[in-house]
Amino acid sequence: MKMKYFYQQMLAFFVVMITLLIIMTIIFLEFTRNSTYHDTEELLFGYAEALVDGDLQEDQLEDAQFVLQNQDVVVTVFNSGNQMVYPSTQVPYSSGISDENFAQLKNGERITLTVQNKDFFGNHVDIALVYLPFFSQTNGNFAGFIGISSPISGIEDSLREMRSNLFTAFIISSLGAIVIALFFARYQVGRINRLRNATHRVAKGDFDVHLESSGQDEFDDLAKDFNSMAQSLQESQEEIERQEDRRRQFMADAAHEMRTPLTTINGLLEGLEHDMIPENQKMRSIQLMQNETRRLIRLVNENLDYEKIRSNQIYLRKQSFNAHHALGTIVEQLKGKAETANNQLQFSCSEELEIYADYDRFVQIIVNLVQNAIQFTEDGLISITAEKELEGSIITITDTGIGMTEEEVRNIWERYYKADASRKNTQYGESGLGLAIVHQLVQLHGGKITVESEVGKGSTFTILFPAKSKLTIPSQQ
Ligand SMILES: Nc1ncnc2c1ncn2[C@@H]1O[C@H](COP(=O)(O)OP(=O)(O)OP(=O)(O)O)[C@@H](O)[C@H]1O
Ligand SMILES: [Mg+2]
């Protein structure tokens, strides 16, 4: 059944109100009826006691009957054999009370036998009937009992009055209930609508919604949950936008990076096509094109590599290996390159030093840094040192090259960043991806890389490779 919340509230109020009023009416009516019965019975017992005290003289009974007949009171007296002695009759007449009641009377108990009747016209006529035993003054034996009856007058009137009072009360409280239900329902419906509006806003992509919540009831809890949902949606949206920006930036950068070698190759090919390149230069041109092609391939590979590292798509095969041996091999390979720029390359490392890392990635990191050092140093010294520390192994690569300004140092980890775009050294590459990859790789190892540099004096790159045991040693007190 479809029913608006407002009407549900109203219905609930009405059900409660009506149930309450019905219960109250029944209780009140019963109470009034019983107390009227009780009062009348007590009055009749009072008469009976007064008559018994007056020794039940016939003339006294006549007087009493005469006085009380105005109130429809009937007095009867029965002897110990349950035979009516007053008013005297020709035919013997017994009271008709049950044996049990008679036994009670004999025991000295007074009894009431109030009856609910209907008169000739169908109206309720309740009759109060009380019996009081009396005893012989000489021997104290049961001598008979006196019965007094009287219609309970006015009870129907007072009940009718009470019913009409209760009906008035019902109308007044119903009106009150409607007002209160209206107020409550409006208040709650207002809160629901607030939530609905906020939901519509979120559905339209506006996550900047905040609902007030005082933590009072379930609606407030819902508002709180709604706020945190909107907030996490906003965060996801921002992340999506950031990713989209990065993707756009990457496409722009990649296109820009590829344009230079492609333009060079294109120019040389056109020269060859139109035979504009002298014969003795042709070989050189082909070499140049080869260099540019290699550069393009490297650019594509490095980009792929970087993306793989960044999106956690590469798996590190970490192992412990000898640092002296690994660094020695790298130095051996790069010595030639260093010498072409008139640089001296040296390394110092304890022969026992162990490093815990992915070997191939370790070589990639160090080669990148040493190549940079060679690239940006002339007639200088490049030294590599490795040593053990509490946290792991520290490797430093120091050069006496051109150095960097503070701003350059801040930016070198950015992809495609080159401190000086005009600086070209195709021999070692200039894609501006090297340090971005190094940074990601070191982080992937759980390590740290820092740099100190001074313009004109040189730079020092420091890398920490955490020790394997660091993860397993329990903390000592
Ligand atoms: N040892 C260094 N001395 C001075 N500048 C450096 C040094 N190492 C890096 N840089 C600066 O940081 C920039 C970024 O270095 P990165 O290795 O990322 O790129 P790249 O060497 O230009 O190109 P590639 O991607 O081929 O390595 C360099 O262009 C250079 O300006
Ligand atoms: Mg580099």
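Strands here are DSSP runs of E with at least two residues, and helices are DSSP runs of H or I with at least four residues, both numbered from the N terminus.

In this predicted model, local features need pLDDT of at least 70 and side-chain atom pairs count only at pLDDT 80 or more, whereas totals for chains, interfaces and linings use all residues. Residues are numbered from 1 along each chain as its sequence is written, chains are lettered from A and ligands numbered from 1 in the order in which they are written, and side-chain values use heavy atoms, with hydrogens and water left out.

View 1. F142 belongs to strand β6, which covers residues 142-151. With a relative accessibility of 15%, F142 counts as buried, a class that requires under 20% relative accessible area, against over 50% for exposed and values in between for partly exposed (1.4 Å probe, protein chains only). Once neighbours within four places in sequence are set aside, F142 is in contact (heavy atoms within 4.5 Å) with S80, F102, L105, K106, P133, F134 and F135. N107 lies 35 residues from F142 in sequence, and the C-alpha atoms of these two residues are 8.2 Å apart in space.

View 2. A cavity is a set of points, on a 1 Å grid over the protein atoms alone, where a 1.4 Å probe fits but cannot get out, and its lining residues have an atom within 4 Å of a point. Grid points are joined across faces, edges and corners, and a volume is the space filled by probe spheres set on the points. The structure holds 1 cavity of 30 Å³ or more, and the largest cavity has a volume of about 60 Å³. Its lining is made up of R191, I192, R194, L195, L211, F219, D220 and A223. Helices α4 (155-203) and α5 each contribute at least two lining residues, and the largest share, 4 residues, comes from α4. By class the lining has 5 nonpolar, no polar and 3 charged residues, where Ala, Val, Leu, Ile, Met, Phe, Trp, Tyr, Cys and Pro count as nonpolar, Asp, Glu, Lys and Arg as charged, and the others, Gly among them, as polar.

**View 3. The second largest pocket.** A pocket, in contrast to a cavity, is an open set of points with protein on both sides within 12 Å along at least five of seven lines. The second largest pocket has a volume of about 290 Å³, and of the 13 residues that line it, R246, Y306, W413, E414 and R415 lie nearest its centre. Two or more lining residues come from each of α5 (218-273), α6 (279-310) and α10 (434-444), with α5 giving the most, 4 residues. The lining comprises 5 nonpolar, 3 polar and 5 charged residues. Because domain 2 (207-314) and domain 3 (317-469) both give residues to this lining, the second largest pocket lies between them.

Conventions: Domain bounds come from an automatic or database domain assignment.
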